[in-house]
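The sequence and structure come first, followed by short sections on selected features.

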Amino acid sequence: VLFIFKRTDHSALGNHARFPGNPWPLGRDKIWVLNQIDPRVNRLAEAGDLAGALGLVGSFLPRYFTLNGLSGVDAAHDEQTVPRGRVGQPLLLRALNAGLATHSLHIHGNHVFTTAEIVSANHEVRVLNNIIEEDTWSMPPLMRRDLLLPFTKPPEIPDAAWPPRQEKFPLLYPMHCHNEISQTSAGGSYPLGLVTDWVIEGPL
Ligand SMILES: [Cu+2]
């Protein structure tokens, strides 16, 4: 798995009016592996019947949805998964969909920017030059994306209400998938499935 975040891509971070905090440091990232579980496939795979498991790809019907192998109620408490930082400390999300279902990730509090993506067909890395602000981003099977989570003041909070006084730091926001089937766990409902939190701990 190859991800590219070019040196020049983050040169604006830390000295731009839009991103006035710290520059992005190498290693400030989180890996988010999306997966789904159809127990019929797992039963066959565990019994060593890989041909039988592959035969179910066309009728794949997941019952469980995980982020880094965890259902949301656990993912939201997993420090390997939860992005955490202060205002002005950008973080890179490295998301990949290891499963067969299409996801549509959505984050509260900040918008994100896809900087690079890898499409499954030819494993070609596309480092994007025209970077747009995204509220929700699709993750089809085997899709990989690098996304900048800027850790800015949430845009819907008025300047006069910032820094927050009523709801104080740390601010906790959810990330959840907008493909609503994934907000379940074999009949259990939200916040199970493909959900986690991210945390703005305080001012820089
Ligand atoms: Cu939401």
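## The largest nonpolar core

The largest nonpolar core has 27 residues, and W32, L105, I107 and W137 touch the most other members. A nonpolar core here is a set of buried Ala, Val, Leu, Ile, Met, Phe, Trp, Tyr and Cys residues joined through side-chain atoms within 4.5 Å. Buried means under 20% relative accessible area, exposed means over 50%, and partly exposed lies in between (1.4 Å probe, protein chains only). Two or more residues of this core come from each of β1 (29-37), β2, β4 (91-97), β5, β9, β10, β11 and β12 (195-200). With four residues, β11 gives the most to this core. In soluble globular proteins, nonpolar side chains tend to be buried together.

The model is predicted: local features need pLDDT of at least 70, side-chain atom pairs count only at pLDDT 80 or more, and totals for chains, interfaces and linings use all residues. Residues are numbered from 1 along each chain as its sequence is written, and side-chain values use heavy atoms, with hydrogens and water left out.

## Strands β5 and β9

Helices (H or I, at least four residues) and strands (E, at least two) are DSSP runs, numbered from the N terminus. Strands β5 and β9 run antiparallel and are joined by four bridges; two strands pair if DSSP finds at least two bridges between them. H106 stands opposite T136 in β9.

What lies on the covered face of strand β9, and what on the uncovered one? W137 and M139 are on the covered face, while T136 and S138 are on the uncovered face. In a regular strand the side chains alternate between the two faces of the sheet.

## The copper site

Which residues are the protein donors of the copper ion? They are H108 (NE2) and H176 (NE2), lying 2.0 Å from the ion. H108 lies in the loop between β5 (103-107) and β6 (112-118) and H176 in strand β11 (residues 171-177), so the pair ties together parts that are 68 residues apart in sequence. Donors are N, O and S atoms within 2.8 Å of the metal (3.2 Å for Na, K and Ca); water is not among the atoms, so sites may look incomplete.

H108 counts as partly exposed, at 30% relative accessibility. H176 is buried, with a relative accessible area of 12%.

## Cis bonds and positive phi

Most residues other than glycine have a negative phi, and most peptide bonds are trans. A cis peptide bond joins W162 and P163, with omega about 5 degrees. The bond from F169 to P170 is also cis, and its omega is near 0 degrees. P163 is in the loop between β10 (144-149) and β11, and P170 is in the loop between β10 and β11.

F151 is found in the loop between β10 and β11. Its phi is positive, near 55 degrees, and F151 is buried, with a relative accessible area of 0%. N68, in the loop between β2 and α3 (72-75), has a positive phi near 50 degrees. At 26% relative accessibility, N68 counts as partly exposed.

P141 is in the loop between β9 and β10 and is partly exposed, at 27% relative accessibility. P141 and F65 are 76 residues apart in sequence and 13 Å apart in space, C-alpha to C-alpha.
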